[in-house]
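This briefing covers strand pairing, aromatic pairs and charges placed over rings. Please keep the sequence and the model open while reading.

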Amino acid sequence: MRLHPAVVGHTEEALREILRFTGPADVILSRYFREHPKLGPRERGAIAEGIYAVLRNKLSYASFAESGHGPAMRRLALLGLADALGADALGGLSNEEADWLGRIAQIDRNSLPVTLRANLPQWLFDRLVARDGEAATLQLAEALNRAAPLDLRVNTLKAKREEVIAELAKAPIDAEPTPYAPYGLRLRKKPALQNLPLFKDGAIEVQDEGSQLLAQILGAKRGEMIADFCAGAGGKTLALGAMMRNTGRLYAFDVSDKRLAKLKPRLARSGLSNVHPVAIAHENDAKIKRLAAKIDRVLVDAPCSGLGTLRRNPDMKWRQTPESVLELNAKQEAILSSAARLVKPGGRLVYATCSLLDEENEAIAAQFLSTHADFTLVPMKDVLAEQKVALEMGDYLKLYPHVHQTDGFFAAVFERRK
């Protein structure tokens, strides 16, 4: 069944707003759908898929759109919808448009210039090629430009992984264990989970396998005092609480009340009572100073460029600039330095980002070690062995979508000398 001709118009209209890059694409799209309540689930799904296809392939589409007739934004919308759903699914095309899409479909994408195939901004492409070479950068870019599967974390306070797999199969939803994270599940399709009893009861949470591994390497134990320093909406906080078997004290710090508010319903579902959400004004808030040198383990999932999450947030690559990354570096250093004061002697500090850039990752870790003589680096291979995670790593955790099928993540583990 063909989509209503209005779908192309709506895609074009929403795309025009999103390509201004004034905010996150998902936020702008949600607002657009609220303003157009008559759009049904099928139409919304089609519009979203078309727009995300454009965000992933913006450079190659812009090149294709130079041919064809009519408004440029409509041409981009048509390319996105045709790639995501097939040109045959689109209603209301003129003969000219249908012929044009047919010609575009014949183009061998592998014959395009390398920058168009990568669909990355030039500055990012150049940095990755300088570090990894052209072939590896293209492999990474190709993986970043594919939609991510849906990963879940099983809440071990409420269920076992095998039980959840069996329960999902009744829905019927096909789930397989993630290769590295011990409580993770991967779904190839993206079903509506919010109506499932498993979700309502807090037995499952949506969380990328890479993010689950960050919680795993912190190694939180029963009865400890733990701080999630940039808790956000609390995905890792909930994973840590379950690892602690709901004992000890787990502080969830964040500067955003809005983000912490999103943690509240998730917390209620999870059955955790050891989590203490704390809104702070900045990284040097007095609430943090009171806990100086008292915390066993501190996780700093630092604000970063988010370039490791392009499978889910393809607009990020067009919204970040070399200048915005530099600003983030100053913030990352300040936050890590502040979080370090919480760690007690013999305690651990984990610095993590969902970035692919050395200047947000290794460079911050090296800078921290050079200014904090009371901390030493714990090689990641030792941490993973402790946690029985079957991953080959050196000093740091470096996860990539084309190698590990996770989002791009980095982590370093430091220990405070006794």
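Which residue lies over the face of Phe199, and at what distance from the ring centre? Arg269 does, at 4.3 Å from the ring centre. The model is predicted: local features need pLDDT of at least 70, side-chain atom pairs count only at pLDDT 80 or more, and totals for chains, interfaces and linings use all residues. Residues are numbered from 1 along each chain as its sequence is written, and side-chain values use heavy atoms, with hydrogens and water left out.

**Charges over rings**

- A charge counts as sitting over a ring if NZ of Lys or CZ of Arg is within 6 Å of the ring centre and within 35 degrees of the ring normal.
- The ring of Trp318 has the charged end of Lys58 over it, 4.5 Å from the ring centre.

**Sheet**

- Strands (E, at least two residues) are DSSP runs numbered from the N terminus, and two strands pair if DSSP finds at least two bridges between them.
- Four strands make up an open sheet in the order β2-β3-β1-β4, with antiparallel pairing.
- At the edges are β2 (175-177) and β4 (204-206), each of which pairs on one side only.
- On average, neighbouring strands of this sheet are turned by 35 degrees against each other, direction ignored; the strand axes are lines fitted to C-alpha atoms, and angles between N-to-C directions run from 0 to 180 degrees.
- Strand β1 (residues 150-154) pairs with β4 in the antiparallel sense over 3 bridges.
- Leu152 has Val206 in β4 as its bridge partner.

**Aromatic pairs**

- Rings of Phe, Tyr and Trp (its six-membered ring) pair if their centres lie within 6.5 Å; planes under 30 degrees apart count as stacked, over 60 as edge-to-face and the rest as tilted.
- The whole structure holds 7 aromatic pairs.
- Tyr251 and Phe253 are stacked, because their ring centres are 5.8 Å apart and their planes are at 10 degrees.
- Tyr251 is buried (under 20% relative accessible area, with a 1.4 Å probe and protein chains only), at 11%; Phe253 is buried at 1%.
- Tyr351 and Phe410 form an edge-to-face pair, with 6.5 Å centre to centre and 65 degrees between the planes.
- Tyr351 lies in strand β9 (residues 343-353) and Phe410 in strand β12 (residues 409-416), so this pair ties together parts that are 59 residues apart in sequence.
- Tyr351 is buried, with a relative accessible area of 0%, and Phe410 is buried, at 1%.
- One aromatic cluster is formed by Phe229, Tyr251 and Phe253.

Note on methods
Buried means under 20% relative accessible area, exposed over 50%, partly exposed in between (1.4 Å probe, protein chains only).
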